[in-house]
Amino acid sequence: MLQSPKFLQSSAHCLPPPTPPPPIPQLQVVPTCSSFPSIKQCCKFSRRELTIGSNSLLLALLASQSLEALLPSKAQAENLVDDDTNRTEQEAQTSNATAAASTDRSPTKRAFLDISIDGEPVGRIIIGLQEDDAPVGAARFGSLVSGAAGTSYRRKEFIKIMPNYVQHGGVRSFGIDAELAKKTGTNLEVDNLMEEWERLNEKCAGIKNKAGSVSIVVRDPSRPPPKMKLVARKGKLEIDQEEVGTAPNGTEFVITTKDSPELDASTLVVGTVLEGKEVVEKIGAVKTVQENTSSPYFRVAKLIGDKRAVVAERGFNRPYAKVVITNCGLMK
């Protein structure tokens, strides 16, 4: 067996003892918090944080109690809702009663309209005129029915049939009708009618065009405002207004078959239908030209101002049959 040299043995005795390896640091295991109690165990709060949190909770509690004291109870809230509903109903009843009081008065004159559809007589409509409420409008309608205005509704057509009313085309403010009216000194303008319409709108609230009402068309709410344009006059450029469309001349009238609040902004009520409501229903049953406003072609033409769209729009809701007043006048 080989022996190690002496110098090796002596060097081994001189070497320092081996140092032990450093200890492995152990990670602190933090418990997972799956519920509220475990959160309280694993989380630590300072006194300051606890004080702030408790004060916040106390303020929130006091605020909720004060809000509960201020807010009405469920019964009180229901009573408030009922009171508001009753007040609204009372206001509506009051406005309707006011409108009824201003339109349900006894008529001062009676007028008749004999109607034919495609040449076949369908009956007579008797209208009671209310000169006490609308003296200017009733006088205008009576003069056009009797012919005292130089022209009349005789042999004139109904031009529009809507679900709630039928509309007559009236007389034209140009041509032979205008010449005949001018000979008798009749002014086919709507100025006085507009003043009376404004006065009645301020006086009477609620629905005015109820079922069976007869009204004169005095304005067109959908008519656009006049356009501004440059005009050369005597070598100078001046700004002038160009009227868009035609305004009503105060001779067109409508007869309602149902309550029509949409007409209150454009018509002046001058009377009511006393007899012949079934004749008005026959007129309303006539087939008409269907509206085509949803067509993209019509929308584009209307947008760019194409006159063909304006002409087409005039034909909407126009009756296919010829509905004419064959005779009309005042009754004694």
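Let's start with residues 4-14: pLDDT stays under 50 there, and the model gives that stretch one contact beyond four places in sequence. Residues 27-40 also have pLDDT below 50, with four contacts beyond near neighbours in sequence. This is a predicted model, remember, so please read those two segments with that in mind. Across the protein chain, the mean pLDDT is 77, and 64% of the residues reach 70 or more.

Now, on to the sheet. What order do the strands take in it? Reading across, you get β3-β4-β8-β5-β9-β2-β1-β10, which makes eight strands in an open sheet with antiparallel pairing. At the edges sit β3, residues 158-161, and β10, residues 323-331, and each of these pairs on one side only. From one strand to the next, the twist averages 30 degrees.

Let me zoom in on one pair. Strand β5, residues 213-217, runs antiparallel to β9, residues 267-275, and five bridges link the two.

Two helices are worth a look here. Helix α7, residues 191-203, lies across β5 and β9, at about 80 degrees to β9. Then there's helix α8, residues 277-284, which packs on the sheet and touches β1, β2, β3, β4, β8, β9 and β10. The direction of α8 makes about 125 degrees with that of β2.

Back to α7, as this helix has a helical partner too. Helix α5, residues 135-146, packs with α7 at an angle of about 135 degrees, and their axes are 8 Å apart.

Last topic: salt bridges. How many are there? The count comes to six. One to show you is R124 with D114, whose side chains meet at 2.7 Å, N to O. R124 lies in strand β2 and D114 in strand β1, so this pair ties together parts that are 10 residues apart in sequence. As a general point, side chains of opposite charge can pair when their charged atoms come close.

Definitions and conventions. Residues numbered from 1 in each chain as written. Heavy atoms only, no water. Pairing = 2+ DSSP bridges. Helix = DSSP H or I, 4+ residues; strand = E, 2+ residues; numbered from the N terminus. Axes fitted to C-alpha atoms, helices over the stretch in contact; angles between N-to-C directions. Contact = heavy atoms within 4.5 Å. pLDDT = per-residue confidence, 0-100. Salt bridge = Lys/Arg side-chain N within 4 Å of Asp/Glu carboxyl O.
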